[in-house]
Amino acid sequence: MHTVKLLIHLVENNQVLVYFVIFLGLVVEGEVTLIATGVLVHLGALPIWSALAVVLSGGFTKTFLGYYLGMVIHDKWSHVKFFKFFEKRVRLIAPKFKEKPFWSIFISKFIMSANTIMILFSGFERIPFRRYLKAEISATLLWGPGLIALGYFFSYTALHISREISRFTLVV
């Protein structure tokens, strides 16, 4: 059976690829990628500071790209029925988003998949960029290290149960 040492060896020998996957994973999704990064940090396959740097750069890239994409969607497709429906649904969930966007953006970072919607909607609504950036940066600075720590803890627990990759992964 393959042990966790095989995983560590693979990651150590392909660190550039692993960092690239972490970066892309954060731009696209986020939560699962961060927990997996925390596991790899605990196993010693990735140094904490370089992993944290990649995590924050991926999170901030998503912040800027999502806002810009939201602006493009508003400029080109705001009249499309789907986006009008989407806008109505988001306004139902966050009715005072235009007046007080900070807490909606900040809290959405900690709700799986809600952050992507709020990032796009912030650009769509053209929330003042400084206000948007303040909320996103402060949330990312808590969210990234917090989920890495969660993955670190899960890995610690899983190692006590098994060092076999299949069982280890199942526990995590």
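Modeller: A crossing is called left-handed if the near helix is turned anticlockwise from the far one by less than a right angle, and right-handed if clockwise. Helices (H or I, at least four residues) and strands (E, at least two) are DSSP runs, numbered from the N terminus. The crossing of H3 and H4 is right-handed. The model is predicted, local features need pLDDT of at least 70 and side-chain atom pairs count only at pLDDT 80 or more, whereas totals for chains, interfaces and linings use all residues. Residues are numbered from 1 along each chain as its sequence is written, and side-chain values use heavy atoms, with hydrogens and water left out.

Biologist: At what angle do the axes of H3 and H4 cross?

Modeller: Two packed helices are described by the angle between their axes and the distance between the axes. Axes are lines fitted to C-alpha atoms, for helices over the stretch in contact, and angles run from 0 to 180 degrees between N-to-C directions. Here H3 (residues 31-43) and H4 (residues 48-77) have axes that come within 10 Å and cross at roughly 165°. H3 is therefore roughly antiparallel to H4 (angles over 145 degrees count as such).

Biologist: Which residues meet between H3 and H4?

Modeller: Contact means heavy atoms within 4.5 Å. Leu34, Thr37 and Val41 of H3 meet Ile48, Ala51 and Val55 of H4.

Biologist: Is His42 buried or exposed?

Modeller: Buried means under 20% relative accessible area (1.4 Å probe, protein chains only). His42, which lies in helix H3, has 18% relative accessibility and so counts as buried.

Conventions
Angles under 35 degrees count as roughly parallel, over 145 as roughly antiparallel, 65 to 115 as roughly perpendicular and the rest as oblique. Buried means under 20% relative accessible area, exposed over 50%, partly exposed in between (1.4 Å probe, protein chains only).
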